[in-house]
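The sequence and the model follow.

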Amino acid sequence: MFSESDAHILHSTQQIRSVFDAYTYAIWFDGFKTDTPYGNFPNQLLASNVLLPALPSIHTSTPAVGWVAYAYKNTVEPAFLPTTHESWFANYGFFHPIYKALVHLENVEDAKVPTIAFTPTIDKKTYIQHILDIQRHIIEGDLYETNYCM
């Protein structure tokens, strides 16, 4: 999206946090060191204080970045079930980046995620019964989508 000479270089999570504090909208693209037919994507942080008033045209020379929320599907296809709650997260938002940075975390300790120990809240028998109940609701047609966590 931009050349390294046009960008700031961030070397720590503290620098990254300062960008999120300074701008209203920021998106961090993590390349995950994944190779694609187009090359790999750099770890980059893009930010702005102003959202575009509408979805941007794909026929423009000015790049825009943003998000489209899962709930946006309800505006382009009929919903199977009525929405019973409002989301605080906008269906979409795009901006022209005014701040651009490449992220190069130098200190491995700075980038480590702490180890978390998970402990089940229910036993295996109860879990299997819950899954069977969910499957029954899907077959009966009164459940379209669910997230089940224990």
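Ile128 lies in helix H4, residues 124-140; helices (H or I, at least four residues) and strands (E, at least two) are DSSP runs, numbered from the N terminus. This is a predicted model, in which local features need pLDDT of at least 70, side-chain atom pairs count only at pLDDT 80 or more, and totals for chains, interfaces and linings use all residues. Residues are numbered from 1 along each chain as its sequence is written, and side-chain values use heavy atoms, with hydrogens and water left out.

**Ile128 and its surface patch**

- Ile128 counts as partly exposed because its relative accessibility is 40%, where buried means under 20% relative accessible area, exposed over 50%, and partly exposed in between (1.4 Å probe, protein chains only).
- Together with Tyr127, Leu132 and Tyr148, Ile128 makes a nonpolar surface patch of about 330 Å².
- Patches are made of residues with over 30% relative accessible area and no salt bridge; like charges are joined within 9 Å, and nonpolar side chains (Val, Leu, Ile, Met, Phe, Trp, Tyr) within 5 Å.
- A salt bridge is a side-chain nitrogen of Lys or Arg within 4 Å of a carboxyl oxygen of Asp or Glu.

**The chain as a whole**

- The chain contains four helices and eight strands, in the order β-α-β-β-β-β-β-α-β-β-α-α from the N terminus on.
- Of its 150 residues, 18% count as buried.
- The accessible surface comes to about 11900 Å², and 58% of this belongs to carbon and sulfur atoms (Shrake-Rupley method, 1.4 Å probe; for residues, only the protein chains shown count as cover).

**The open sheet**

- Four strands form an open sheet in the order S1-S8-S5-S2, with mixed pairing; two strands pair if DSSP finds at least two bridges between them.
- Strands S1 (8-10) and S2 (25-29) stand at the edges with a single partner strand each, so one side of each is left without a neighbour in the sheet.
- From one strand to the next, the twist averages 25 degrees (axes are lines fitted to C-alpha atoms, for helices over the stretch in contact; angles run from 0 to 180 degrees between N-to-C directions).
- S2 pairs with strand S5 (residues 44-48) in the antiparallel sense over five bridges, and Phe29 stands opposite Gln44 in S5.
- Helix H1 (residues 13-22) packs on the sheet and touches S1, S2, S5 and strand S8 (99-103); contact means heavy atoms within 4.5 Å.
- The direction of H1 makes about 20 degrees with that of S5.
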